[in-house]
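Here is a short briefing on one protein chain. Look at the structure first, then work through the points by topic.

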Amino acid sequence: MMKARLLLITIVFVLFGCSGNDSDSIEQTIFNPTDFKISLKSSSFFDAEIEWTESTIKDNSNLTYDVFLNGEMKEEGLDDFSYRFENLKEATSYTAKVIVNSKYDTRKESVFDFTTLSTPVPSAVVLNADKVNHEQIVVSWESADADLKYDVFLNDVKEASDIDVKSFTFSGLKALTKYSVKIIAKNTYSKTSVVSLDITTLDVPVPLSLSDFLVSVQDIHSNSAIIKWEDSVASDGQSVEYIVYSPDGSVLMNRSAINEYKIEGLNADTKYKYKVVAMTHDSSVSMDAFVSFTTLSYEKPSDFVISVSDITETSAKIFWSASVLSDGGDITYNLKLDGEKKEFSGRELVINNLEPNTQHVIEVEAVSSNNITNVQTKSFTTLSQLSLSDFTFTAEQITQTSVVLKWTDCIASDGQPVEYTVYHPSGSNANSMTVGQECRINILRADTEYTYKVVAQSYDFSVKKAVYVTFRTLAYEKPSDFVISVNNITESSANISWSESVLSDGGEVTYRLLVDGIGRAISDREFFIEDLEANTEHTVEIEARSNNNILNVQTTKFITLPPKVYNLNAYSSEVKERSFVLNWDFEDRPGKLYYDIYFEGKWVKRDLSASSYSFDGLISNTSYSVKVVATDGLERKYEKIIEIKTASYEDVIDFDVEIENQDTYNVQTINIFDFVDNNTARYDDILDMTTVFYLNDVEYASDVFGEATFKNLKVNTEYNYKVKLFYADGTFAVEKTGSFTTSGNTAPVWNGELSVQYTGFSFVKFNKLTASDAESSLKYTYYVNGTALTGFRYVGTTRGDGHIDIIDDYILLSHLTADKDFEFYITAEDEAGEIIKSNTVSFKTAIDATLTFDAQLELVDGVYRLSWDNMGVSSSIDELRFELLVNKEVKHDAHIDVNTELMTDGDKNYITKGLNQMIEAYAGSDVNFIIKIKWIAGETIGYSVSRPVSVK
């Protein structure tokens with residue numbers, strides 16, 4: 001890059017410096033870059049980043065930087081202020097050098113030494129022996145570091161490499177042998193940490209054994225027994241535990257120190273074999289012992305006696321004595337009669353419903369709790385059966401609702417009395433109606449068949465005999481025949497009447513009318529019906545009913561007249577471009593009607609009374625199918641379909657497109673207001689018409705009817721426009737085309753001149769300057785010493801070329817370098833790229849202020865002064881104070897009037913206010929003065945405080 005700059009200078013010299021007239025040569029001023037310092041921004045094991053302060057040059061021309069490491073160039077022509085060196089060696093010293101170059105081929109350099117960091121060594125590893133026996137060693141270790149790998153050695157022989165677990169087992173070792181275990185921990189930087197441990201294996205252990213032991217059985221019963229065993233002794237003295245196994249191998253007692261176990265739930269008279277296992281506490285040695293035994297048999301219940309008493313033809317009482325066991329155990333019983341099991345309680349049972357003169361066998365089974373049984377049996381015969389003689393049962397005195405039932409005597413074979421019960425057909429008894437040997441029934445229906453039953457029963461209820469009688473009650477009189485007449489028949493109505501039906505006894509007769517099976521409400525023997533189907537056969541049915549519900553039914557048929565033909569007319573009216581009216585009427589309007597309106601086959605509305613319907617929102621010059629359907633009270637329908645065509649729009653009266661004059665080149669408005677003026681009277685719906693505008697064949701959106709404003713146009717450019725006009729129904733009306741050419745751009749104009757309002761040590765205030773442009777918004781750019789300011793380049797107390805803040809009525813340029821010459825101007829750029837520059841303002845910032853500064857106490861002509869080097873300007877001081885501290889305690893905090901009490905002597909500021917009196921008042925004490933300056937808003941530093949000035 002340096003060679004490129006030299007070549008450029010040479011070319012410029014050849015082109016411009018060498019003319020035929022030496023007297024016209026131009027003298028060139030050379031500037032040098034300022035010094036700068038390098039510092040270490042960050043450093044690690046294998047890289048480092050340096051940074052340096054910015055070097056400046058008087059004409060603010062561009063400077064670049066070349067970076068070297070140990071004499072080797074790493075980067076050339078940098079315009080940044082930092083650089084990162086990579087792929088370095090750890091713990092190594094390096095020399096960095098940065099050279100700043102100017103366009104005048106002048107340069108400054110700065111050198112800086114630094115050393116990379118050393119990679120860490122793994123922290124100490126703690127090694128432990130977790131388990132040691134005669135043939136095995138188990139070790140584990142701990143480390144405070146993560147992500148380590150480990151190598152494992154035994155007697156300097158590697159057993160494992162790069163493992164990430166923290167334990168290891170050495171097997172197959174020799175007894176009573178010393179081994180050296182070593183662990184090497186490695187981190188990701190290949191640094192290691194080593195730990196070793198010497199471990200000696202144990203001697204081979206002596207084999208463990210158990211002594212023999214005997215198992216015996218005691219307290220054998222039919223369902224239980226107790227097994228006991230002697231102690232087994234371990235040769236090493238450790239405790240011994242016992243396990244008891246059942247014959248099927250399941251564990252009954254698991255690892256207990258007791259020496260007996262009770263076995264329950266056994267079967268009687270059964271042989272069993274059990275196993276007891278003695279086992280050392282560490283489970284390493286065990287010994288088995290066995291025992292066998294047979295359980296005792298169960299006792300049989302004692303004999304007992306069955307007895308039978310109270311024997312009749314159909315019953316008997318059965319009971320029996322108790323069966324017992326010697327141990328007093330419970331006994332249950334089962335009873336069977338003729339092989340059939342019977343339920344009972346308390347060792348007795350009364351049996352009923354037996355067959356007369358029949359032998360029966362009783363069997364009783366006594367059962368112990370162990371299901372041991374003793375069965376006893378006994379036989380008995382029931383007595384012979386009682387009989388009743390035959391008798392007769394008759395029905396007499398039969399009427400429509402009553403009858404008298406009579407029967408003869410029934411005799412019992414043993415002479416005991418006989419009782420009688422009469423039963424209705426429903427099964428209920430009629431004893432309440434019985435007197436002696438007859439029964440009167442008064443609740444019957446006429447002309448109905450009945451069957452009654454009388455039951456004769458012996459006094460002891462043991463024998464019954466039933467006899468039946470069937471009869472029919474007398475019938476009621478049927479109403480007389482009558483004649484039905486149908487008159488005044490129309491298409492939907494008729495008059496129905498009939499003659500009277502009578503009874504011989506003058507009883508009341510009622511009537512019911514049905515037409516086509518549907519009942520009709522009537523008040524006399526005449527009815528007018530008016531909801532019939534035309535030209536249809538109808539059936540009339542009349543029921544004459546007596547008060548005893550005896551019916552006489554007569555029927556007749558008739559046919560209604562054919563339906564009358566009605567003419568439904570439909571026609572259009574008020575036909576316009578987007579609407580028309582459908583009208584309808586009947587030549588001979590039938591009764592109550594309602595109408596359904598259809599449009600293009602789709603239902604629109606139902607109306608009960610109207611004779612017209614309006615359609616709108618249609619398209620001009622278009623045929624539509626409309627239909628009206630009339631429905632009467634009998635749901636008869638009449639319909640009419642017609643075609644109606646909308647009117648066509650009249651042609652548009654010609655008009656002009658107006659191109660409105662604009663003050664700017666990039667906006668143009670056109671309108672067709674002339675169309676509205678010429679055609680308003682022609683179209684009623686002109687306000688519903690629409691326009692579409694195009695610019696260079698691209699549709700352009702417009703929110704206003706008849707007007708479009710084209711924006712973002714180019715200067716001196718011809719544009720083609722097109723306007724399409726559509727009728728209110730959306731159909732095309734007319735199209736207009738044309739063109740226009742935009743004007744040239746007008747440059748922005750400044751509204752005044754830029755001037756300085758105030759200068760501090762870190763900022764300056766200018767009047768707020770703006771420019772005007774009729775065509776577009778403007779973009780402002782601010783320049784300091786010829787360089788454009790973009791964004792906020794400085795924050796905090798940092799300084800440089802400053803950054804811009806636009807306040808309500810002024811421009812603030814802050815974060816400037818103190819005591820430095822500056823030039824400032826503004827440019828304004830419009831949307832067409834036209835740029836204007838404001839006047840240039842030169843200024844110099846005041847002497848810098850610092851957060852802390854030194855002050856001196858001087859005695860001049862007998863007057864004490866507190867003085868310090870000039871900082872900033874007095875007008876930048878918002879408040880000036882000084883404190884008097886006596887023995888480190890504040891005694892005075894005085895305010896200084898900057899305008900009257902702050903003095904200047906050459907390059908010094910000083911104050912004298914009250915100093916002599918204070919020093920005299922505290923003579924002999926430890927006295928200190930501190931000066932405090934508060935700077936106005938806008939300065940980079942808020943406060944400056946002097947270091948204490950001590951007075952002895």
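**Salt bridges**

Lys844 is partly exposed, with a relative accessible area of 45%. Buried means under 20% relative accessible area, exposed means over 50%, and partly exposed lies in between (1.4 Å probe, protein chains only). This is a predicted model: local features need pLDDT of at least 70, side-chain atom pairs count only at pLDDT 80 or more, and totals for chains, interfaces and linings use all residues. Residues are numbered from 1 along each chain as its sequence is written, and side-chain values use heavy atoms, with hydrogens and water left out.

- The structure holds 42 salt bridges. A salt bridge is a side-chain nitrogen of Lys or Arg within 4 Å of a carboxyl oxygen of Asp or Glu.
- Side chains of opposite charge can pair when their charged atoms come close.
- Lys844 forms a salt bridge with Asp819, and their closest N and O atoms are 3.5 Å apart. Asp819 lies in the loop between β64 (810–816) and β65 (821–829), and Lys844 in strand β67 (residues 841–844), so the pair ties together parts 25 residues apart in sequence. Strands here are DSSP runs (E, at least two residues), numbered from the N terminus. Asp819 is also partly exposed, at 45% relative accessibility.
- Glu241 and Arg255 meet through their side chains in a salt bridge (2.7 Å, N to O). This pair links distant parts of the chain: Glu241 is in strand β17 (residues 240–245) and Arg255 in strand β18 (residues 251–256), 14 residues apart. Glu241 is buried at 15%, while Arg255 is partly exposed at 30%.
- Lys186 and Asp162 also meet in a salt bridge (2.5 Å, N to O). Lys186 sits in strand β13 (residues 178–186) and Asp162 in strand β11 (residues 157–163), so parts 24 residues apart in sequence are tied together. Asp162 is partly exposed, at 44% relative accessibility.
- A network of salt bridges links Lys41, Asp47, Glu49 and Arg84.

**A hairpin**

- Strands β15 (residues 215–218) and β16 (residues 224–229) pair in the antiparallel sense over four bridges. Two strands pair if DSSP finds at least two bridges between them.
- Which residue of β16 is the bridge partner of Gln218? The partner is Ile226.
- Five residues lie between the two strands of this hairpin, and Asp219 in the turn has a positive phi of about 50°.

- Phe293 lies in strand β21 (residues 286–294). Phe293 is buried, with a relative accessible area of 5%.
- Leaving aside neighbours within four places in sequence, Phe293 is in contact (heavy atoms within 4.5 Å) with residues including Val217, Ala225 and Ile227.
- The C-alpha atoms of Phe293 and Arg445 are separated by 89 Å, and the two residues are 152 places apart along the chain.
- Ser368 is found in strand β27 (residues 359–368). Ser368 counts as buried at 5% relative accessibility.
- Not counting residues up to four places away in sequence, Ser368 touches Glu299, Pro301, Leu325 and Asp330.

**The largest pocket**

- The largest pocket has a volume of about 620 Å³. A pocket is an open set of points on a 1 Å grid over the protein atoms alone, where a 1.4 Å probe fits, with protein on both sides within 12 Å along at least five of seven lines. A volume is the space filled by probe spheres set on the points.
- The lining has 21 residues (those with an atom within 4 Å of a point). Glu54, Ser55, Thr56, Phe81 and Asp801 lie nearest the centre.
- By class, six lining residues are nonpolar, nine polar and six charged. Ala, Val, Leu, Ile, Met, Phe, Trp, Tyr, Cys and Pro count as nonpolar, Asp, Glu, Lys and Arg as charged, and the others, Gly among them, as polar.
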